[in-house]
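Reader: I would like to learn how to read the features of a model from its atoms. Please take them one at a time, with the general idea before the case.

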Amino acid sequence: MGPALTRLLLIGLASAAIAVEHGFYEHPLEIWVLRLLQVLFLIGHAAVTAPAVLAHPDPPTRIRGVVLFGVLVMGAAITLGGAPLGWRLVETAIVLRFFVELWATNVVLSHRLTRPEALFPLSFMLLIAVGALLLKLPRAVPQGDSIGWVDALFTSTSAVCVTGLAVRNTAHGFTVEGQVVICLLIQLGGLGIIMFGSTLMMLLGRNLSLRENQNLSQMLSDQPVHRLLNYGRFVLVTTVLIELTGAALLYARWDPAQHGGLTPHERIWLSVFHSISAFCNAGFDITGSSLEGYRHSFAAQGVLVPLIVLGGLGFPVLDNLLRLMRARLHRRLHPHGPPLPKGWTIADSRLSLHSRLVLSTTAWLYLYGFFVIGLAQFMPLLEHAHAGDHLTAARIFGTMADASFMSVTARTAGFNSVPMHELEPASIFALMTLMLVGGSPGSTAGGMKTTTLAVLVLSVVATMRQRREAEAYGRSIADALVRKAGTLGVCYFALIVGATVALSLVEPFDLEEIVFEVISAATTTGLSLGITPLLTPLGKLVIIAAMFLGRVGPLALLTVLIFGRRAERPYSYAHEGVALG
C-alpha cells in the first residue's frame with residue numbers, strides 16, 4: 001500500500017469514528033473509546049505524513065503542516081479544559097484532512113489511470129457510496145424509523161447528482177443530521193468533486209501536474225491553464241457569497257405558522273439549506289411541501305428565483321459579466337489612462353460568444369415557459385369566469401407568478417410552487433421540454449445545456465439559409481462543435497428512451513407519469529407527478545441509473561470527445577449521397 005493510500009485509510013478510519021459517535025442513538029462503543037480511536041488514527045496519520053511535510057522544500061507547506069497539528073493540539077487542550085467546542089474543532093480538522101487525502105489519492109489515480117477522464121464518474125460513485133453509508137446511520141432518520149439500502153442509495157444519488165427526486169419526505173423522513181448529510185452531498189455534487197478538490201489544493205498552495213491541470217481545465221469549462229487558480233478562487237468565493245446572501249435574505253421570510261413555530265436556529269437552517277439547494281439547482285426542500293406554502297411570497301419569487309438563475313447560468317458567464325463590469329468601471333475611473341486593467345486583453349472587456357448564447361437562450365426559454373404555462377393555467381380561469389366565477393386581479397397575477405416560477409424552476413431546479421396535480425397537460429409538456437434543455441455549461445444545473453440547444457438551432461438555421469457554417473453574433477461556429485452538440489443531444493435522447501422502456505417494464509403507472517419521471521431524473525431536475533415514493537426497488541434502481549448517467553454520462557462523453565485519442569486514418573472513403581426527408 002502506497003503512502004497516499006495509507007494516509008487516506010488512517011484519516012478515513014478517524015472520520016469513521018466520528019460518524020459512529022454522531023450517527024447512533026445508542027453508541028456501540030463508549031464515547032471516550034471512539035475519541036481515543038480518533039486520536040490514535042490521527043497520530044498514525046501524522047506519523048506517516050510528518051516526514052514528507054517537514055522535508056518539503058516549500059516553507060509554506062511545512063508551515064501549514066505545523067499549523068494543522070497546532071489546531072489539533074489546541075482543540076484537544078480546550079476539550080480537556082471542559083469546553084466541548086474544542087473537540088468539535090478536532091473533528092472539523094479531521095474531516096477537512098480527509099478531503100485533502102481523498103484528493104491526494106485522486107492525484108495518484110490520475111497518474112496511474114490510462115484514461116484520467118474516468119476520474120469524474122469514479123469520484124461521483126465514491127461520493128454516492130459514502131453518502132449512502134452516512135444516510136444509513138440510525139441518527140440520519142427519526143428514532144424508531146429506518147431507511148433501506150435502496151432508499152439510502154436513491155437519496156444519496158439524487159443529492160450528489162443535484163436532482164431532487166425523493167422517495168421519502170426530506171423534512172420529516174430525515175433528522176437534522178440526515179439533512180446536513182444531504183446538504184453537504186448537494187454542495188459537493190453541485191460544484192463537482194474534482195473541481196472542488198483540485199481548487200482546494202491550489203488554494204492550499206500545492207502545485208498540480210500537467211495532467212491534473214488538464215482535468216481541472218475541462219471541469220471548469222475549458223478555462224486556460226494559466227488562469228485556473230484565479231478561476232478556482234472565483235468559483236469558490238462566488239458560491240459562498242451567493243449562498244450566504246441568499247440565506248440572509250431568506251432568514252426573515254419563513255412563516256412560523258407553517259412550521260409549528262420557528263427558533264432562530266431553525267430559521268438559519270431553513271435559510272442555509274434552501275439557499276444551497278436553490279443555487280445548486282437541487283430542488284431538495286425541508287418545508288415538507290416544496291414551495292407550495294410560499295407560492296406568491298418574496299422568498300420564492302424574489303430570493304430563490306435569482307439563486308436558481310445564477311446557479312444555472314454557469315461560472316464562465318458570471319466571470320465574464322463581472323469582468324465586463326470591472327472593465328467599464330475602470331474606464332470611468334481612469335478616463336485618460338489605459339483602457340483596460342493591467343494584464344487584460346480585449347477579450348476580457350467584452351461578452352464572449354458563449355455568454356451571449358447562454359444569456360439569449362436563457363431569456364428565450366424563460367419567455368417560452370412563461371407564455372405556455374401561463375396560457376395553459378389561465379384557460380381554466382376563463383372557463384370558470386364564463387360560468388359565473390369572478391376573475392379577480394389577484395388570481396390573474398397569481399397565475400402569472402406561478403408561470404414565472406415554474407418556467408425558471410423547470411430548468412433543473414426542481415422546486416414547485418404549484419401542486420403538480422393542478423398543472424394542465426400543456427403545462428406538463430412545457431415542463432418536459434424545459435427540463436430537457438436544463439442549465440448552462442460550467443453551472444450546477446443539469447440537462448442537455450442551453451448552448452447545446454443554441455448550437456443545434458443555429459446549425460438548422462445555417463442549413464436553411466444554405467450557409468457553410470453556423471453563425472451567431474458575427475462569429476462562426478466550427479462544424480466539429482456542431483457534431484459534438486448533436487452527439488450530446490442524441491445521447492440524452494437514447495438515455496431517456498432506454499430508461500422509459502425499462503421503467504415501463506417494471507412499473508404500472510401511466511406513460512405520461514413515467515416519461516415525466518425519466519426526463520426529470522435524466523436531466524437531474526427533480527420534479528415529479530407523484531410516483532417517486534411509489535416506485536418498486538427495481539424502478540428505483542432504474543431512476544438511480546438515469547440520474548447518475550444524466551449527471552456524469554454526458555460530461556464523461558464530452559471529455560472523451562475533447563481529450564480522447566483521435567484515430568486518424570491516412571485515407572478517406574468516397575462520398576455517396578443519402579436521401580433525406
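Author: In helix 19, the buried residues are I514, V515, F516, E517, V518, I519, S520, A521 and A522. Buried means under 20% relative accessible area, exposed over 50%, and partly exposed in between, with a 1.4 Å probe and protein chains only. The model is predicted, so local features need pLDDT of at least 70 and side-chain atom pairs count only at pLDDT 80 or more, while totals for chains, interfaces and linings use all residues. Residues are numbered from 1 along each chain as its sequence is written, and side-chain values use heavy atoms, with hydrogens and water left out.

Reader: How many of the 12 residues of helix 19 are buried?

Author: Nine of the 12, so helix 19 is mostly covered.

Reader: What span should helix 19 have at 1.5 Å a residue?

Author: The expected span of a helix is 1.5 Å times one less than its number of residues. For helix 19, residues 511–522, that gives 16 Å, and the end C-alpha atoms are 16 Å apart, which agrees. After helix 19 comes T524, with a positive phi near 50°.

Reader: How many helices and strands does the protein chain have?

Author: Helices (H or I, at least four residues) and strands (E, at least two) are DSSP runs, numbered from the N terminus. The protein chain has 20 helices and two strands.

Reader: What percentage of the protein chain's residues count as buried?

Author: Of 581 residues, 48% count as buried. Accessible areas come from the Shrake-Rupley method with a 1.4 Å probe, and for residues only the protein chains shown count as cover. The protein chain exposes about 28,400 Å², and carbon and sulfur atoms supply 68% of that area.

Reader: What share of the contacts comes from residues 24 or more positions apart?

Author: A contact means heavy atoms within 4.5 Å. Among contacts in the protein chain with a separation of 6 or more, residues 24 or more positions apart account for 72%. A separate example of distance along the chain is H421 and G530, 109 residues apart, whose C-alpha atoms are separated by 8.5 Å. H421 is found in the loop between helix 15 (393–409) and helix 16 (425–437), and counts as exposed because its relative accessibility is 69%.

Reader: How many salt bridges does the structure hold?

Author: A salt bridge is a side-chain nitrogen of Lys or Arg within 4 Å of a carboxyl oxygen of Asp or Glu. The structure holds nine. One of them joins the side chains of E21 and R35, at 3.0 Å from N to O. E21 lies in helix 1 (residues 3–23) and R35 in helix 2 (residues 31–54), so the pair ties together parts that are 14 residues apart in sequence. E21 counts as buried at 5% relative accessibility, and R35 as partly exposed at 23%.

Reader: Where do D145 and R168 lie?

Author: These two form a salt bridge, with the closest N and O atoms 2.5 Å apart. D145 is in the loop between helix 5 (119–135) and helix 6 (149–160), and R168 is in the loop between helix 6 and helix 7 (176–191), so the pair links distant parts of the chain, 23 residues apart. D145 is partly exposed at 39%, whereas R168 is buried at 15%.

Reader: Which residues are joined with R295 into one network?

Author: Start with the pair D402 and R295, whose side chains meet in a salt bridge at 2.9 Å, N to O. D402 is in helix 15 and R295 in the loop between helix 11 (264–279) and helix 12 (298–313), 107 residues apart. D402 counts as buried at 8%, and R295 as partly exposed at 25%. Salt bridges that share partners join R295, D402 and E422 into one network.

Reader: How many disulfides does the structure hold?

Author: A disulfide is a pair of cysteine sulfur atoms within 2.5 Å. The structure holds zero. C280 is in no disulfide, and the nearest cysteine sulfur, that of C183, is 8.2 Å away. C280 counts as buried at 0% relative accessibility.
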